[in-house]
Amino acid sequence: MSLPDVYSAEPIPASARPEIERLLQTADLFRYTAAEDAPVAMLEREFADLLGSKYALAVSSCSAALFLSLKALDLPRDSKVMIPGFTFAAVPSSVVHADLIPVLCEVGDNYRIDLVDFEAKIDGVQAVIISHMRGHTSDMDAIMAICVAKGIPVIEDAAHSLGTTWHNRNIGTIGKIGCFSFQSYKLVNAGEGGILVTDDADLVARMVIMSGAYEHNWKKHKSREGDNTDDLEAAFARWQNQLPLYNLRLSNLSAAIIRPQLPELARRVRDGRRNHDHVAARLEENPFMTVPAKLSAEERAPDSIQFNLVDLDDSQIAAYQAAAQARGIKVQVFGASEDNARAFWNWQFLKDVPALPQTRAMLMRACDVRLPARLTVEDCDIIGDTLLAAMDDVSAAKAAE
């Protein structure tokens with residue numbers, strides 16, 4: 001029995017090739033060369049339509065989108081920004097790059113923000129980044145109620161959550177700004193790249209200029225067709241020459257790779273959810289493994305599966321990783337993998353890293369396995385069988401003790 005490849009991405013749709021060939025022949029790779037309708041500009045309009053947002057800005061990465069979002073808020077230097085203790089190192093990095101201070105809050109066994117700790121730490125915070133980490137959505141109703149009451153802007157780090165909904169509303173459109181990734185392991189793949197969405201004309205104007213729309217190139221950024229452009233044009237005029245340029249633009253070639261994948265998103269979301277739920281049901285049959293349930297308002301778009309190990313000590317957890325590896329599957333335990341960028345104690349570029357005992361305990365037993373949407377149900381059964389067989393190896397040794 002051969003194990004399925006969980007690392008290769010889906011092929012880029014063949015429909016991308018004519019535009020890619022045109023760009024190769026013309027070398028028209030810079031988004032601002034064309035007077036209008038450059039591939040990047042078209043991507044922005046299509047993505048805004050897809051999400052139901054007024055504005056979108058394509059940039060070089062989701063990290064760049066987070067950084068620009070924070071800069072656009074124009075917070076005083078050293079303002080505090082709340083982030084979850086379970087996220088990727090790029091999130092606290094974006095806060096540091098923006099000359100702000102990350103405040104880490106606890107995350108529960110279900111990988112979502114602990115609302116008690118969140119509310120306890122919210123005083124003095126001037127912005128919040130919610131990471132829907134690995135596509136697991138925190139309680140956005142409760143978070144938005146807390147933040148709206150205090151006038152605190154919320155940025156959604158939706159790098160893993162394109163296609164996820166909350167009360168049928170697209171994740172990334174609930175806060176002030178939503179940031180997405182087009183890195184190769186995401187549902188839409190450009191190798192690198194990111195995009196942000198917002199309904200705030202002043203914020204998007206600031207971000208467009210800072211992203212690298214020098215001189216009057218911002219004139220090539222458009223609202224969705226039929227939208228009133230007066231607010232956007234006034235905002236651009238207001239910020240012309242008033243902001244630094246960070247040059248975080250996306251290229252036309254990347255946009256040409258991304259655009260044909262957008263019509264594939266619904267199918268990828270459907271298949272990814274099917275794969276996740278199929279394997280989750282298999283793992284739940286084992287008493288030493290549990291997959292946290294989704295929240296009732298949430299419909300996920302997973303590209304991987306996370307599960308917690310139950311009633312195993314550190315040596316048994318290490319033995320499980322080794323048993324899975326011996327059978328051909330890499331199981332990453334977030335806190336037990338050396339230098340893992342998702343373990344907060346490895347963010348040593350921060351001055352004061354809090355203890356976060358609840359989050360640490362979760363990370364020491366939370367497992368991560370890739371489960372891309374292109375897999376078949378048969379592939380998923382092979383992966384499930386292998387993960388369960390590895391646990392049988394460990395539980396047999398445990399029972400013999």
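Guide: Let us begin with a term: two strands are said to pair if DSSP finds at least two bridges between them. Please keep in mind that what we are viewing is a predicted model.

Visitor: Which residue in S12 is the bridge partner of Met 289?

Guide: Strand S10 covers residues 289-290, and S10 pairs with S12 in the antiparallel sense over two bridges. Within S12, which runs over residues 304-309, the partner of Met 289 is Leu 309.

Visitor: In what order do the four strands of the open sheet lie?

Guide: The pairing in this open sheet is antiparallel. Strand S10 (289-290) and strand S13 (332-333) stand at its edges with a single partner strand each, so one side of each is left without a neighbour in the sheet. Read across, the order is S10-S12-S14-S13.

Visitor: Is Asn 308 buried or exposed?

Guide: Asn 308 belongs to strand S12, and its contacts beyond four places in sequence include Phe 288, Met 289, Thr 290 and Pro 292. Because buried means under 20% relative accessible area, and Asn 308 has a relative accessibility of 5%, Asn 308 counts as buried.

Visitor: Which side chain forms a polar contact of 2.8 Å with the side chain of Asn 308?

Guide: Asp 109 and Tyr 111 are both among the residues that Asn 308 touches. With Asp 109, the side chain of Asn 308 reaches the backbone oxygen, at 2.9 Å. The polar contact of 2.8 Å, by contrast, joins the side chain of Asn 308 to that of Tyr 111.

Visitor: How many residues line the largest pocket?

Guide: The largest pocket has a volume of about 680 Å³, and Arg 134, His 160, Gln 183, Lys 186 and Arg 342 lie nearest its centre. The elements giving two or more residues to its lining are helix H3 (62-72), helix H4 (90-97) and strand S14 (366-370).

Visitor: Which strand gives the most to the lining of the second largest pocket?

Guide: The second largest pocket, with a volume of about 340 Å³, is lined by 13 residues, and those closest to its centre are Leu 100, Ile 101, Pro 102, Leu 350 and Lys 351. Its lining holds nine nonpolar, no polar and four charged residues. The element that gives the most, with four residues (the strand runs over 101-105), is strand S3.

Methods: Residues are numbered from 1 along each chain as its sequence is written. This is a predicted model: local features need pLDDT of at least 70, side-chain atom pairs count only at pLDDT 80 or more; totals for chains, interfaces and linings use all residues. Side-chain values use heavy atoms; hydrogens and water are left out. Buried means under 20% relative accessible area, exposed over 50%, partly exposed in between (1.4 Å probe, protein chains only). A polar contact is a pair of N or O atoms within 3.5 Å; within protein, one must be able to donate a hydrogen and the other to accept it, and residues adjacent in sequence count only if both atoms are side-chain atoms. Contact means heavy atoms within 4.5 Å. On a 1 Å grid over the protein atoms alone, a cavity is a set of points where a 1.4 Å probe fits but cannot get out, and a pocket is an open set with protein on both sides within 12 Å along at least five of seven lines; lining residues have an atom within 4 Å of a point. Grid points are joined across faces, edges and corners, and a volume is the space filled by probe spheres set on the points. Ala, Val, Leu, Ile, Met, Phe, Trp, Tyr, Cys and Pro count as nonpolar, Asp, Glu, Lys and Arg as charged, and the others, Gly among them, as polar.
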